[in-house]
Amino acid sequence: MEVVILDGADSIGALAADAITDLLKRRPEAVLGLATGSSPLAIYDELARRCAAGEVSFKSARGFTLDEYVGLAADHPQRYRNVIETELVSRLDFAPGAVQGPDGLADDIPAACAAYETAIADAGGIDLQILGIGTDGHIGFNEPGSSLASRTRIKTLTPQTRLDNARFFDGDLDAVPTHCLTQGLATIMSARHVVLVATGHGKAEAVHHLAEGAVSAMWPATILQHHPHTTVLLDDAAAGRLQLASHYRSTYRAKPPWQGI
Ligand code: GLP
């Protein structure tokens with residue numbers, strides 16, 4: 001796991017966008033794993049700027065979102081399909097239908113989850129997965145206690161996550177769904193490169209466990225310690241509880257600039 005501590009969201013967005021731009025140059029038909037939440041927004045803004053400037057194209061690329069609320073109406077602005085459309089897809093040049101998400105309105109939820117796993121596998125797997133992290137260490141919506149070997153399935157959201165996400169529902173906790181569909185931890189682990197972004201003091205404890213804690217279902221993101229290519233991009237506040245912060249900083253400073261993440 002490479003931990004990179006940068007001076008703010010813009011630097012994080014630029015570095016992650018560099019990795020995606022390089023990937024698409026090498027492999028225009030690359031498959032991206034896309035996350036919602038506020039953490040990836042600086043990446044998406046930078047990708048939109050580069051796409052408008054003709055510096056990168058998503059014409060042949062595909063995307064799979066991480067997770068989805070169960071039961072939100074098709075036109076609900078917080079339905080993750082709609083969020084990813086607004087925040088990202090509408091600002092890039094993906095081909096129509098190139099970005100998919102789990103179907104939180106499916107009648108047969110287990111079948112929809114299995115179909116989603118098949119769709120990812122049929123696309124050749126995810127080349128680069130963008131991730132945020134919840135304050136309780138969840139990735140996607142794999143809450144504490146999730147099986148470390150899980151695949152896409154339905155999960156119950158914890159009270160903490162519903163509280164954290166109420167800000168997207170005008171602060172109305174009752175409006176936050178109780179269930180979600182999420183790629184499992186094993187699904188996420190199958191991605192070839194994982195880029196996890198965290199900013200702000202609120203993420204410091206989860207980041208401490210992620211990078212330096214014991215691997216445990218109680219902090220689901222810790223499974224990434226077993227991933228061969230995970231990059232964790234942090235600002236100073238999110239890195240605030242890392243014991244080895246100065247080592248991560250000096251290691252990254254000494255890295256040749258052409259090497260990337
Ligand atoms: C939600 C999403 C996660 C995201 C997390 C953190 O629960 N399902 O994928 O990583 O929130 O969100 P934020 O980046 O807004 O802090």
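D127 is buried, with a relative accessible area of 8%; here buried means under 20% relative accessible area, exposed means over 50%, and partly exposed lies in between, computed with a 1.4 Å probe on protein chains only. Please note that this is a predicted model, in which local features need pLDDT of at least 70, side-chain atom pairs count only at pLDDT 80 or more, and totals for chains, interfaces and linings use all residues. Residues are numbered from 1 along each chain as its sequence is written, and side-chain values use heavy atoms, with hydrogens and water left out.

Which residue forms a salt bridge with D127? The partner is R27, and the closest N and O atoms are 3.2 Å apart. A salt bridge is a side-chain nitrogen of Lys or Arg within 4 Å of a carboxyl oxygen of Asp or Glu. R27, at 28% relative accessibility, counts as partly exposed.

The structure holds twelve salt bridges. Another of them joins the side chains of K255 and E2, at 2.6 Å from N to O. This pair links distant parts of the chain, 253 residues apart: K255 lies in the segment after α8 (245-253), and E2 in strand β1 (residues 2-5). Helices (H or I, at least four residues) and strands (E, at least two) are DSSP runs, numbered from the N terminus.

Salt bridges also link D18, E46, R49, R50 and E55 in a network. Within this group, R49 and E55 form a salt bridge whose closest N and O atoms are 3.7 Å apart. R49 is partly exposed at 42% relative accessibility, and E55 is partly exposed at 38%.
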